[in-house]
Amino acid sequence: MDLPDDLRYTAEHAWIRPTADAAVFRCGITDHAQGELGDIVYLNFPSVGAAVTAGLPYGSIEAVKTVSELYSPLTGTVTALNTALEADPALVNKAPYGDGWIVELRAESPAAVAALLDAAGYRTAIGA
Amino acid sequence: MTLAGWRLERDESPRDGASQMARDAALAEWSGAHGQPALRLYRWSRACVTLGRHESARRKFAPATLAELGAEVVRRPTGGRAVWHAHDLTYAFAAPASSPADARAWFALVHGVLARALQRLGFAAELAPAARAATLRDGACFDAAVGGEVLVDGAKVAGSAQRLAAGVLLQQGTVLLSGAEDQRWRIARARGRRCEPYPRQANQALGGWDAAADAVVHAFTALGGPPLPLPAEALEALAAAHRPSYADPGWTWQR
């Protein structure tokens, strides 16, 4: 299981990475989560500009006939979507921390990121 | 995974598609609130096509054709591809679940129970070997089995799809009692913009709804003990809140 040390995580299997804009974070689901879900066939995105709340669903993902919710790691606003996933949702399986990113969020409180899990904390949370 | 304390609604009243979807959503809500597994067995008041939650229905099916053939169309809360419901035993199962691994375990348990039910009726039911999931772009649910679905004569006769949300699994599925989906389904798909070869289907009828429902209840009981009834009034109240969404063409034809 790949778990980069430079990312922050949530117990709901989201990861976030800072971007050039200090208030904007790129988000996706972890390698562990994509492995648990199996072959991903569809992602249901929010719209750019949509408000999201930490810990609440912001979209859904379908794999092997199972629809699961995607939980936002932060409270804020959606600033970008990875539209490449519309044509190739399996990018989430192939590169969960790279081309398989899902959304970018402008955090209402960038300081909230510090409260998220580090790699060791996420590893503990999933019992790995 | 345990079925201990499981609840049952054996719904003898045929209902329309939107009502069935709403009642299934209510089942999940009730199961989540009470932390108990629950099963509904039901039938349809008329032919109904259920679409998968994320399926591209507008690209695959012509609404006018389905209407002409007398079919209602609804969109499920669960994943997967389209199913034509007519002479089948349809079920919804809900249970606490916190991860995809839980969902897979319930998937295996329920399909094992369905296979044992069909075996009890005298059919050589078996579970499909592992297979890669089909895309949502083409085809229908019964065109192909994924691993763990139920086969008779090598053809899929029972399939299911799931939704995992807020700590509750909802699994919706159906057993084709005629051994094949309705012939009208073939016509509907042939008139659509995309059509694939008609799938292989079981060449024998699997019996009537009552006998199949009896066998499913027996197989669940063998695993979880006698069921308790679901509180019909509570379920009705929850379903009433969900029904407008499932009856909304904007929801059904969103994609």
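In chain B, 3 strands make up an open sheet with mixed pairing, in the order 4-3-5. Strands (E, at least two residues) and helices (H or I, at least four residues) are DSSP runs numbered from the N terminus, and two strands pair if DSSP finds at least two bridges between them. The model is predicted, so local features need pLDDT of at least 70 and side-chain atom pairs count only at pLDDT 80 or more, while totals for chains, interfaces and linings use all residues; side-chain values use heavy atoms, with hydrogens and water left out. Residues are numbered from 1 along each chain as its sequence is written, and chains are lettered from A and ligands numbered from 1 in the order in which they are written.

The edges of this chain B sheet are strand 4 (72-75) and strand 5 (83-85); each has a single partner strand, so one side of each is left without a neighbour in the sheet. From one strand to the next, the twist averages 25 degrees. Axes here are lines fitted to C-alpha atoms, for helices over the stretch in contact, and angles run from 0 to 180 degrees between N-to-C directions. Strand 3 (residues 48-51) and strand 4 of chain B run parallel and are joined by 4 bridges; in strand 4, B:Arg75 is the bridge partner of B:Leu51. Helix 1 of chain B lies across strand 3 and strand 4, at about 25 degrees to strand 4.

The loop between strand 1 (7-10) and helix 1 (17-34) of chain B contains B:Arg15. Its side chain makes a polar contact with that of B:Asp11 at 2.6 Å. A polar contact is a pair of N or O atoms within 3.5 Å; within protein, one must be able to donate a hydrogen and the other to accept it, and residues adjacent in sequence count only if both atoms are side-chain atoms. Leaving aside neighbours within four places in sequence, B:Arg15 is in contact (heavy atoms within 4.5 Å) with B:Gln20, B:Arg23, B:Arg40, B:Arg43, B:Trp44, B:Ser45 and B:Glu236.

Chain A has an open sheet of 6 strands in the order 1-2-3-9-8-5, with antiparallel pairing. Strand 1 (8-9) and strand 5 (51-52) of chain A are the edge strands, each pairing on one side only. Within this sheet, strand 8 (residues 76-81) and strand 9 (residues 103-107) of chain A pair in the antiparallel sense over 5 bridges, and A:Gly76 stands opposite A:Ala107 in strand 9. Strand 8 of chain A also holds A:Leu81. Not counting residues up to four places away in sequence, A:Leu81 touches A:Phe45, A:Pro46, A:Val48, A:Trp101, A:Ile102 and A:Val103. A:Leu81 and A:Arg26 are 55 residues apart in sequence, with their C-alpha atoms 9.5 Å apart in space.

Strand 6 and strand 7 of chain A pair in the antiparallel sense over 6 bridges, with A:Glu69 in strand 7 as the bridge partner of A:Ser60. Their hairpin has 2 residues between the strands, and A:Val64 takes a positive phi near 45 degrees there.

The account now turns to the interface. In total, 18 residues of chain A are in contact with 27 residues of chain B. The area buried between the two chains, that is, the accessible area (1.4 Å probe) that two parts lose on being put together, summed over both, is about 1700 Å², of which carbon and sulfur atoms give 51%. The rule finds 12 residue pairs in polar contact across this interface, both residues at pLDDT 80 or more. On the side of chain A that touches chain B, helix 1 (31-37), strand 4 (40-44), strand 6 (57-63), strand 7 (66-71) and helix 2 (84-87) of chain A each supply at least two residues. Strand 7 of chain A gives the largest share, 5 residues. The residues of this side divide into 8 nonpolar, 4 polar and 6 charged; Ala, Val, Leu, Ile, Met, Phe, Trp, Tyr, Cys and Pro count as nonpolar, Asp, Glu, Lys and Arg as charged, and the others, Gly among them, as polar.

Strand 7 of chain A also pairs with strand 9 (residues 155-165) of chain B, in the parallel sense over 3 bridges. Here A:Val67 has B:Arg163 as its bridge partner, and A:Ser68 stands opposite B:Leu164.

Between chain A and chain B the count is 2 salt bridges, a salt bridge being a side-chain nitrogen of Lys or Arg within 4 Å of a carboxyl oxygen of Asp or Glu. A:Lys65 forms a salt bridge with B:Glu149, their closest N and O atoms being 2.3 Å apart. A:Lys65 lies in the loop between strand 6 and strand 7 of chain A, and B:Glu149 in the loop between strand 7 (125-127) and strand 8 (150-152) of chain B, so the pair joins two chains.
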